[in-house]
Amino acid sequence: IDTTLNERGLRQAMLVGHRLQSEEFDAMYCSDLTRCKETLEAILHYQSAATPVIYKRGLRERDFGKLSGNPVGFLASESKRLSIDVNELVKRSGGESENEFASRVIEAYLEIVTEANANGYQNILVVTHGGPMHILSLYWIKSAGFRLGAEPTQSMYRHGNTAVTRISIGSRGDDGVVEYINSTTHLDETQKSGMSIAV
């Protein structure tokens, strides 16, 4: 479902934009879904208008098919009721399997690395969703062997709204360091909560 940011989400977007205002980006990559575009608009408020923006479908949240828009708890209860696992339920409902989702996101990341290298980009911003960040965090640490630059102060794999993760990588997308992960220091406690939905 292509939803818009609510009032809290818009405030969080402005706060992350303010946090990133001293950063200079050679390019910005963004999911083509509206809520990420709105987040990027808030970030661009503090950035140079000349920075190229590239929208990528591959950065979208997982497609849950007909189940999109339901609370995550519904997926668990419905799969239990039908005596199938959640992944099978999502596939039967026209959505992506976990493996299809992970492959799409990792492919989008590797495309970004290739494009950044081809264009000589040194510092890029990627605006995406919590699900893709979960996939990428697992990929960087467990598959690509990235080192952790600092101990995470929050969950490494469940990313909060507008959480910032910073990585440094070699030219092929490997030999990397996760400098920090899932950082929400720009948000006060009232801004950190949110409800997970199948989007």
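Modeller: The lining of the second largest pocket is made up of 8 charged residues, 4 nonpolar and 1 polar. Here Asp, Glu, Lys and Arg count as charged, Ala, Val, Leu, Ile, Met, Phe, Trp, Tyr, Cys and Pro as nonpolar, and the others, Gly among them, as polar. Bear in mind that this is a predicted model, where local features need pLDDT of at least 70 and side-chain atom pairs pLDDT 80 or more, while totals for chains, interfaces and linings use all residues. Numbering starts from 1 along each chain as its sequence is written, and side-chain values use heavy atoms, without hydrogens or water.

Back to the pocket: of its 13 lining residues, Arg-57, Arg-60, Glu-61, Asp-63 and Arg-104 lie nearest the centre. Its volume is about 180 Å³, counted as the space filled by probe spheres set on the grid points, which are joined across faces, edges and corners. A pocket is an open set of points on a 1 Å grid over the protein atoms alone where a 1.4 Å probe fits, with protein on both sides within 12 Å along at least five of seven lines; lining residues have an atom within 4 Å of a point.

Helices (H or I, at least four residues) and strands (E, at least two) are DSSP runs, numbered from the N terminus. Asp-32 is buried at 18% relative accessible area, whereas Arg-60, at 23%, is partly exposed. Buried means under 20%, exposed over 50%, and partly exposed in between (1.4 Å probe, protein chains only).

The count comes to 9 salt bridges. One of them joins Lys-56 and Glu-111, closest N and O atoms 3.2 Å apart. That pair also spans distant parts of the chain, strand S2 to helix H5, 55 residues apart. Lys-56 is buried at 10%, while Glu-111 is partly exposed at 33%. Arg-92 and Glu-88 meet at 3.1 Å, N to O; both sit in helix H4 (residues 86-92), 4 residues apart, about one turn. Arg-92 is exposed at 55%, with Glu-88 partly exposed at 34%. Glu-23, Arg-166 and Glu-179 form a salt-bridge network.

Now the packing. The largest nonpolar core holds 15 residues, and Tyr-109, Ile-135, Leu-136, Trp-140 and Val-178 have the most contacts inside it. Helix H5 (98-119), helix H6 (130-143) and strand S6 (177-183) each give this core at least two residues. A core is a set of buried Ala, Val, Leu, Ile, Met, Phe, Trp, Tyr and Cys residues joined through side-chain atoms within 4.5 Å. Beyond its neighbours within four places in sequence, Leu-136 is in contact with Val-105 and Tyr-109, contact being heavy atoms within 4.5 Å. A separate core has 11 residues, including Leu-20, Cys-36, Leu-125 and Val-127.

For the whole protein, 43% of the 199 residues are buried, and there are 6 helices and 6 strands.

Methods:
A salt bridge is a side-chain nitrogen of Lys or Arg within 4 Å of a carboxyl oxygen of Asp or Glu.
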